[in-house]
Amino acid sequence: MRDSMWGFLMFAGVAWLAIAWSVLRLEPVSVADVAGPVVLFGALCEGVRALAGTRTWWLNAGMAGLFTVTGLVLLVDSGSSYATPASLVGWFLMVRGAMDVAVSTMNRGTDRTWGLMMALGVAQAGLGFYAAGPLARTADPMILLLGGLGLLRAVADLVTALRLREASGVRHDVLQLSPEREAGVIGYSAGREDYDGTPQAGRARHRAGQGPQTFHDEVLRTTADLDLMLAQAGVSATAAHRTAEADIPPVPDTAESAEEATVGEDHRH
């Protein structure tokens, strides 16, 4: 469902554009009546986002419930005044804008569009702050307010849909490795193929009564035998550390210094 989420967000972005254009074409007397359905559509979008199973699903679910109540209040209180619709639409914008700012900040290390989403969140919060004030309690500011809401939500959903479409094209079963680890995996795979391609009769039986081993078991056994031989020879991490700290003469880098080192060695003998 997460992979197909981009399709719904693309549809939601186009629907928000249609809402923005339609609201700007309305008569002033009808603006207060469409505020409730617009907020309810926003609640529906949040509910579908919550079903996608993202890390912030609980925030989307909470906003879906909050915006549903807000839309129902707008439908019930459909009076002649613009004070209640403007304040509730401003509430919707401030909450949604703060959410966009918080999520974009959280995803700034993984999503390259986080700056755009933060700018959209700040714009929504600023528009909601203006809607909650006394200047938006008339018909014309309400028309511009709902049109701006639809436009900002359209851009946010379209950008998110395209980003999810890009991410869904990458196979989830492909493990991205660093160059060093990728070279190690290639070497291990090549050694395993060579080991598996060797005839069974040509392999030495190091342990009596033991069945055929895999390449991984052979690597572990060889490494353990090497560690055992180094331990029997007296080579350990402490001895290697003492050797590194020993007073070793510098390596001659010219012919004259090499001749002097040879003469000094002869004198010592």
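This is a predicted model: local features need pLDDT of at least 70, side-chain atom pairs count only at pLDDT 80 or more; totals for chains, interfaces and linings use all residues.

Biologist: Okay. At what angle do the axes of H2 and H4 cross?

Modeller: Roughly 20°, with the axes of H2 (residues 31-51) and H4 (residues 83-106) coming within 10 Å. Angles under 35 degrees count as roughly parallel, so H2 is roughly parallel to H4.

Biologist: Left-handed or right-handed crossing?

Modeller: H2 and H4 cross in a left-handed way.

Biologist: Which residues make that contact?

Modeller: On H2, Ala32, Ala35, Val39, Gly42, Glu46 and Arg49; on H4, Pro85, Val89, Phe92 and Arg96. By type, the H2 and H4 contact has 6 nonpolar, 1 polar and 3 charged residues.

Biologist: And H3 with H4, parallel or antiparallel?

Modeller: The axes of H3 (residues 57-76) and H4 come within 10 Å and cross at roughly 170°. Anything over 145 counts as roughly antiparallel, so that is how H3 and H4 run.

Biologist: Who meets whom there?

Modeller: From H3, the residues include Leu59, Met63, Phe67 and Leu74, and from H4 they include Leu88, Trp91, Phe92 and Met99. The H3 and H4 contact divides into 13 nonpolar, 3 polar and 1 charged.

Biologist: Switching topic: is Asp157 buried or exposed?

Modeller: Buried, at a relative accessible area of 1%. Asp157 sits in helix H6 (residues 139-168).

Biologist: What does Asp157 touch?

Modeller: Leaving out residues up to four places away in sequence, Asp157 touches Leu9, Ala12, Gly13, Trp16 and Arg49. Arg49 also takes part in the H2 contact with H4.

Note on methods. Residues are numbered from 1 along each chain as its sequence is written. Side-chain values use heavy atoms; hydrogens and water are left out. Helices (H or I, at least four residues) and strands (E, at least two) are DSSP runs, numbered from the N terminus. Buried means under 20% relative accessible area, exposed over 50%, partly exposed in between (1.4 Å probe, protein chains only). Contact means heavy atoms within 4.5 Å. Axes are lines fitted to C-alpha atoms, for helices over the stretch in contact, and angles run from 0 to 180 degrees between N-to-C directions. Angles under 35 degrees count as roughly parallel, over 145 as roughly antiparallel, 65 to 115 as roughly perpendicular and the rest as oblique. A crossing is left-handed if the near helix is turned anticlockwise from the far one by less than a right angle, and right-handed if clockwise. Ala, Val, Leu, Ile, Met, Phe, Trp, Tyr, Cys and Pro count as nonpolar, Asp, Glu, Lys and Arg as charged, and the others, Gly among them, as polar.
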